[in-house]
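Biologist: I would like to learn how to read a protein model. Could we go through one step by step?

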Amino acid sequence: MRINERRSLWRRVRPYVTVFDPALTTVLIVLLTTSLITLYSASIGIPGKIEDHLRNIAMSFFVMWVVANLSPQQMMRIALPAYVVTVLLLVAVALVGTIKLGARRWLHIGVIDIQPSEFAKLAVPLMLAWFFQHQQGHLRWHTYAIGALLLLLPVFLVARQPDLGTALLVVAAGFTVIYLAGLPWKAMLGLAVAGAASMPVAWSMLHDYQRERVMTLIDPTTDPLGKGFHILQSIIAIGSGGITGKGWTRGTQAHLEFVPERTTDFIFAVYSEEFGLAGNLFLMLLYLLLIGRGLMITANAPNFFTRLLAGATTMIFFTYAFVNMGMVSGILPVVGVPLPFMSYGGTAALTLGVASGILMSIQRNRKLVQT
């Protein structure tokens, strides 16, 4: 009797548990475990970080489970409302947003401050995937032009806050949708030429601190005790790790507070110093497995909408990791992009949880969606 009861209970619970893709979930668990180990060391002397990070992980898995239980048809129904609400919130930020650290990125609602630009990372590719799904079979040059406008509107609103890091992530995800929708190579070549030609104009539109970041990237030694100090210390931390690292909790650059934002944007420097090149290769392998699983889900997606959405979501993971590792290593400007599933932060954890849930939903419903 007890065996029958257990089987009955499992039958009732199983549909809610099996929404988690085993391969993707395994990689995420290993990444988050690595994150906890690294954050424990990075947050020595900063009480409450580990507890808050565990809460963020729990929140991330909850929203992942909720989104994984959605069907692609439900995602299509919320695509347009999500985009419209996101754009309206971005406009509200531009008009009445709260200024913090010299940037107008937050909107005060009730007792909380929200950052609508985070919503754009997922709302924009979701909207573009919905748009091209409805235009499938009728794709013309003006279709891609409309798609570009749908992408550029929120990107412009985010970039003027200013928040170039988030704008870059939105562009990467949105352009991936347009590319996968069949954007001709001639058009991409034209965009590349136009982009190169517009560089002087773009440079003139940058804020002073953004230009300084670019110049610091080119040669941080011109101001080693000022604007170049943080990136130089980060590079020193990464290099001092050697092949096997200095050992867990034994990093000196981080614990002596030479590395800035060591629990968030620069956590990769802490990890590199303590676990060395071997640890970096292991971490990069995890990201390759994560991105590879995302590409497999994209390739097996059942219809045009899910294929575009899965590809854009996978590109979000790649851009997060590439930009963060690049800026911490001194090969890209510092733009404030966290390392996915490693950095401390509730907003990023929520966004990444939703993105993972989207991939799991597409994988779970691959045989149920009509092509």
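Biologist: How much of the protein chain is buried?

Modeller: This is a predicted model, and buried residues make up 47% of its 371 residues.

Biologist: How many helices and strands does the protein chain have?

Modeller: There are 15 helices and three strands.

Biologist: What share of the contacts joins residues 24 or more positions apart?

Modeller: Among contacts with a separation of 6 or more, 72% are between residues 24 or more positions apart.

Biologist: How should I read a nonpolar core?

Modeller: In soluble globular proteins, nonpolar side chains tend to be buried together. Here the largest nonpolar core has 81 residues, and those with the most contacts inside it are Phe132, Leu283, Tyr287 and Leu290. Helix α14, residues 304-329, supplies the largest share of this core, with 14 residues.

Biologist: Which residues is Tyr287 in contact with, leaving aside its neighbours within four places in sequence?

Modeller: Tyr287 touches Leu31, Ala321, Met325, Leu339, Pro340 and Met342.

Biologist: How do I read the packing of two helices, and at what angle do α6 and α7 pack?

Modeller: Look at the angle and at the distance between the axes. Helix α6 (residues 141-159) and helix α7 (residues 164-180) pack at about 170°, with axes 9 Å apart. An angle over 145 degrees counts as roughly antiparallel, so α6 and α7 are roughly antiparallel to each other.

Biologist: Which residues make the contact?

Modeller: On α6 they include Tyr144, Leu151 and Val155, and on α7 they include Val170, Gly174 and Phe175. The residues of this contact divide into 12 nonpolar, three polar and no charged.

Biologist: What covers the buried residues of α7?

Modeller: The cover includes α5 (116-135), α6 and α14. Among the buried residues of α7 are Gly165, Leu169, Ala172, Val177 and Ile178.

Biologist: How do I check the length of a helix, and how far does α7 reach?

Modeller: Compare the reach with the expected value. With 17 residues, α7 reaches 24 Å from its first C-alpha to its last, close to the 24 Å expected at 1.5 Å a residue. Helix α11 (residues 229-240) has 12 residues and spans 16 Å between its first and last C-alpha, close to the expected 16 Å.

Biologist: Which residues of α11 are buried?

Modeller: They are Ile231, Leu232, Gln233, Ser234 and Ala237.

Methods: Residues are numbered from 1 along each chain as its sequence is written. This is a predicted model: local features need pLDDT of at least 70, side-chain atom pairs count only at pLDDT 80 or more; totals for chains, interfaces and linings use all residues. Side-chain values use heavy atoms; hydrogens and water are left out. Axes are lines fitted to C-alpha atoms, for helices over the stretch in contact, and angles run from 0 to 180 degrees between N-to-C directions. Helices (H or I, at least four residues) and strands (E, at least two) are DSSP runs, numbered from the N terminus. Angles under 35 degrees count as roughly parallel, over 145 as roughly antiparallel, 65 to 115 as roughly perpendicular and the rest as oblique. Contact means heavy atoms within 4.5 Å. Ala, Val, Leu, Ile, Met, Phe, Trp, Tyr, Cys and Pro count as nonpolar, Asp, Glu, Lys and Arg as charged, and the others, Gly among them, as polar. The expected span of a helix is 1.5 Å times one less than its number of residues. Buried means under 20% relative accessible area, exposed over 50%, partly exposed in between (1.4 Å probe, protein chains only). A nonpolar core is a set of buried Ala, Val, Leu, Ile, Met, Phe, Trp, Tyr and Cys residues joined through side-chain atoms within 4.5 Å.
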